[in-house]
Amino acid sequence: MLFPAFRPVRLGVLAALCVCLAASARAQTAASALEAEEAPARFDRPTSDTRFARPLGEVLDEIERRFDVRLQRPKDLDQTQLLDYAEYRFRPWSVEETLKNVLAPIDYKLVFKGRNIYEIRKFEYTRRLAPDGQQFIDYLNTLYDDRESFEARRALLRREMRHAAGLDSLPARPDSKPYLTPKRTYDGYYVQNIGLEILPGVYCTGSIYHPLKYRKASCPVILNPNGHFGDGRYRRDEQLRCAMQARMGCIAVSYDLFAWDEQLLQFEPTSHRTAMAHTIQNLNGLRLLDYLLSLKEADPTRVGITGGSGGGSSTMFLTAIDERITLSMPVVMTTSYFIGGCPCESGNPIHLAGGGTMNAEVAALCAPRPLLVVSDGKDWTRDVPQISYPYLQRVYGFYNAQDKVENAHFPTEGHDYGWSKREATYRFLEKHWHLDTSKVKNAEGRFDESGCTVEDYSLLKVWGPQGENLPANALHGIDELYKLFKAFGQ
Ligand SMILES: [Zn+2]
């Protein structure tokens, strides 16, 4: 593909030459017209002379025919472009291998859409196919086969991931006091919004859900990083989850994505689509943990994290790099063949650490701490029971701790952090932290969220309805953030 502009001309000349030769050949044999018509069309079919080239559109049509599949083709795909050695790319036993061979040279790929449908897409660095995920795991299984070799790999990944995330050389948190709004008291817990200065002029915004009754070092702490579900941390299911955690005796915190919700007071929404989103979001989690663990009622031996989708990416990453976290529950994001499509999940090259890693291995770095992987049947976690979970069990086996890793799989459900998934996390917390769940269960002994209050979104704002309480030293715009990081030597 070095001379794309030249190729049609080259092929055009060859085609003309073929026609001339064909005419000449017919003349020289002096055969009858009938004979000429019946003779094999020697020069009408592709040969090595023409590099067996065929237009891409024709090749894709033939793949549909031969494999009985349907290919969704993007509008901007040039189907007239010629594909060299087209049919030699076919693998009669595998439509996926055939399509890979056809699409890779032109920087396109395929995405399985279900039944016999494939979508053709521009290459994405974040997404592969399930068989690739299995191959990745087969490869990882050659890298370690006991606790010692696994821990060597983990140390390497931790070091390189922290560095890749830009978290290596950051200064300590400014010593400004967290901005806390008045408490709003409900049945067994209160909610308070927090604005925490994580770097000079950079504020993390969130809400803390806190049990009403507590003693010194009695409360587990749980980070709830956000995903990209609509309404962010204000959404009903996230409020219910945090309130339930608090009603079980935990201090729970949910916090905004970078350049979403109240962080829009500081940064343009487009800033979320930068690698800086990955750095700041994860720093938000680390600095909130610093703060929460400084509370006298916090129990540093019981520190958890859970989030869905993009929040699941952050859950796995923070668990991997921070030993303070003792229990992890990534939801609908643990897989061996997708690393998250947003820069806040994969914008920094954390998955290039250790010569290449992926989210099932990032999750495995939790071992032997309790790990609950929640998956469903309609997204990239559909294969967790077959692909990622056996691998996780193998790693936990290095510690004789297979009972610490679980997979809650919901084959008929989709990509969300809905009721059944929340219930699975409540059970896991109860089991490992021996929480008092009497206030959050109904007469049948089932978890029951009806005692939780879903607040009006306006109550969850840290800086007031119009952002009027945003501190005067707040940075504005991502360029100021880049300048700040430059000053840190990054
Ligand atoms: Zn994002």
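This is a predicted model: local features need pLDDT of at least 70, side-chain atom pairs count only at pLDDT 80 or more; totals for chains, interfaces and linings use all residues.
Residues are numbered from 1 along each chain as its sequence is written.

**Stop 1: the domains.** Colour 48-123 as domain 1 and 147-487 as domain 2; these bounds come from an automatic or database domain assignment. Their C-alpha centres lie 40 Å apart.

Stop 2: Select β2 (70-72) and β4 (108-114), the edge strands, each pairing on one side only. With β5 they form an open sheet of 3 strands in the order β2-β5-β4, with mixed pairing. Strands here are DSSP runs of E, at least two residues long, and helices are runs of H or I, at least four, numbered from the N terminus; strands pair if DSSP finds at least two bridges between them. Show Arg70 and you will find it opposite Ile117 in β5.

**Stop 3: the helices.** Select α3 (residues 56-67) and α4, which pack at about 175 degrees with axes 11 Å apart. Axes are lines fitted to C-alpha atoms, for helices over the stretch in contact, and angles run from 0 to 180 degrees between N-to-C directions. The two helices are therefore roughly antiparallel, a label for angles over 145 degrees.

Finally, show Val59, Ile63 and Phe67 in α3, which meet Val95, Thr98, Leu99 and Val102 in α4; contact means C-beta atoms, placed from the backbone, within 7 Å.

How values were computed
Angles under 35 degrees count as roughly parallel, over 145 as roughly antiparallel, 65 to 115 as roughly perpendicular and the rest as oblique. Two residues are in contact if their C-beta atoms, placed from the backbone, lie within 7 Å.
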